[in-house]
Amino acid sequence: MKFSNILFVFLFVFSFSAFADNANGKKTIEIHVDGICEMCEKRIEDAVYKLKGIQYADWQIESKMLTVTYKSNKVSQEEIEKAIIAVGHDTENFTSPDSAYNKIHNCCKYREMDSH
């Protein structure tokens with residue numbers, strides 16, 4: 001009987017913690033972001049980390065995929081993507097304005113690349 005009580009308490013606490021994570025709105029997404037190199041990676045990740053609610057951001061050069069874990073009650077995917085386009089990188093849903101794109105370093109001009 002004691003074991004079943006302990007098991008019940010454990011399951012109750014575990015399910016409450018899972019609910020608490022959902023209540024915090026913790027979410028992980030992947031976004032395609034155009035870029036070429038390590039400078040692009042730093043620019044993209046820095047732009048995302050400046051937002052409130054970001055817990056993790058990692059952009060992979062090879063796949064051009066950005067993985068972001070964030071609190072959806074603090075920031076939205078749209079806000080994340082708009083921060084990225086503001087520093088000159090196109091995302092799957094938005095195109096960076098030419099004024100922002102033209103400010104990135106010449107070696108980072110992914111729109112001019114044949115492989116893009």
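Predicted model: local features only at pLDDT ≥ 70, side-chain atom pairs only at ≥ 80, totals over all residues.
1. **Sheet layout.** Three strands form an open sheet. Their order is E1-E3-E2, and the pairing is antiparallel. Strand E1 covers 26-32 and strand E2 covers 54-60. Both stand at the edges with a single partner strand each, so one side of each has no neighbour in the sheet. On average, neighbouring strands are turned by 10° against each other, direction ignored.

2. **The E1 and E3 pair.** Strand E3 spans residues 65-71. Seven bridges join E3 to E1, and the two run antiparallel. For a landmark in this pairing, look at lysine 27: tyrosine 70 in E3 stands opposite.

3. **Helix on the sheet.** Helix H2, residues 38-49, packs on the sheet. H2 touches E2 and E3. The direction of H2 makes about 160° with that of E2.

4. **Isoleucine 84: setting.** This residue is found in helix H3, which runs over residues 77-86. Is isoleucine 84 buried or exposed? The relative accessible area of isoleucine 84 is 0%. The cut-off for buried is under 20%, so isoleucine 84 counts as buried.

5. **Isoleucine 84: contacts.** Which residues does isoleucine 84 touch, leaving out those up to four places away in sequence? The contacts are Val33, Ile44, Val48, Leu66, His89 and Thr91.

6. **Isoleucine 84: a distance to check.** Alanine 100 is 16 residues from isoleucine 84 in sequence. In space, the two are 10.0 Å apart, C-alpha to C-alpha.

Methods. Residues numbered from 1 in each chain as written. Heavy atoms only, no water. Pairing = 2+ DSSP bridges. Helix = DSSP H or I, 4+ residues; strand = E, 2+ residues; numbered from the N terminus. Axes fitted to C-alpha atoms, helices over the stretch in contact; angles between N-to-C directions. Contact = heavy atoms within 4.5 Å. Buried < 20%, exposed > 50% of the residue type's maximum accessible area, 1.4 Å probe, protein only.
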